[in-house]
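Please examine the sequence and the structure displayed below.

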Amino acid sequence: MSWQGYIDNLKTPDQSGTCPVSEAAICGITAGQESVWASSPGIQVTVDEIKKLGANDRSSFAQNGVHIGGVRCRLIRDQMDFDGVFALDLKTSADAEGNTFSICVGKAKTAIVIAKGTKDASGGQVSSKVFKIVEYLRKAGY
């Protein structure tokens with residue numbers, strides 16, 4: 001499967017029949033080779049953002065937040081180092097219409113998977129989609 005195939009998979013309906021993910025990206029996090037491998041058009045992740053999201057030191061996220069695609073997000077839960085989870089749960093700051101969106105960042109060995117939820121999606125719906133991809137990538141050695 002191409003990397004774009006993983007993005008397409010993230011954006012499919014879940015068991016409820018709704019599609020909880022509106023935008024997604026898969027990015028390489030190997031030091032010195034940070035880059036976007038595939039993404040949907042609505043999310044533009046920068047190399048600096050990839051470096052911060054893939055770093056082992058995320059201590060500033062709780063106080064300062066983190067940016068994804070230029071949008072400031074606040075940290076809800078950091079379980080990036082927990083076996084079986086490997087994810088950050090985030091919430092965007094409000095957009096012009098006052099909407100906030102759940103974002104989940106999952107970490108495999110050499111990549112991160114970023115998914116932004118739809119307006120009505122819960123964080124759990126978004127993280128469930130990310131978890132499946134991250135689990136597969138980890139088992140495949142990525």
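The model is predicted: local features require pLDDT of at least 70 and side-chain atom pairs count only at pLDDT 80 or more, while totals for chains, interfaces and linings use all residues. Numbering starts from 1 along each chain as its sequence is written, and side-chain values use heavy atoms, with hydrogens and water left out.

- Helices (H or I, at least four residues) and strands (E, at least two) are DSSP runs, numbered from the N terminus.
- Strand β7 covers residues 111-117 and is largely enclosed by the rest of the structure, because six of its seven residues are buried (under 20% relative accessible area with a 1.4 Å probe, protein chains only; exposed is over 50% and partly exposed lies in between).
- Strand β1 (residues 21-28) pairs with β7 in the antiparallel sense over seven bridges, where pairing requires at least two DSSP bridges between two strands.
- Within β7, A115 is the bridge partner of A24.
- Strand β6 (residues 102-107) also runs antiparallel to β7, joined by five bridges, and a hairpin of three residues connects β6 to β7.
- The bridge partner of I103 in β7 is K116.

**Packing of helices α1 and α4**

- The axes of helix α1 (residues 3-10) and helix α4 (residues 123-139) come within 9 Å and cross at roughly 150 degrees; axes are lines fitted to C-alpha atoms over the stretch in contact, with angles from 0 to 180 degrees between N-to-C directions.
- Helices α1 and α4 are therefore roughly antiparallel to each other, a term for angles over 145 degrees; under 35 counts as roughly parallel, 65 to 115 as roughly perpendicular and the rest as oblique.
- W3, Y6, N9 and L10 of α1 meet K129, V130, I133, Y136 and L137 of α4, with contact meaning heavy atoms within 4.5 Å.
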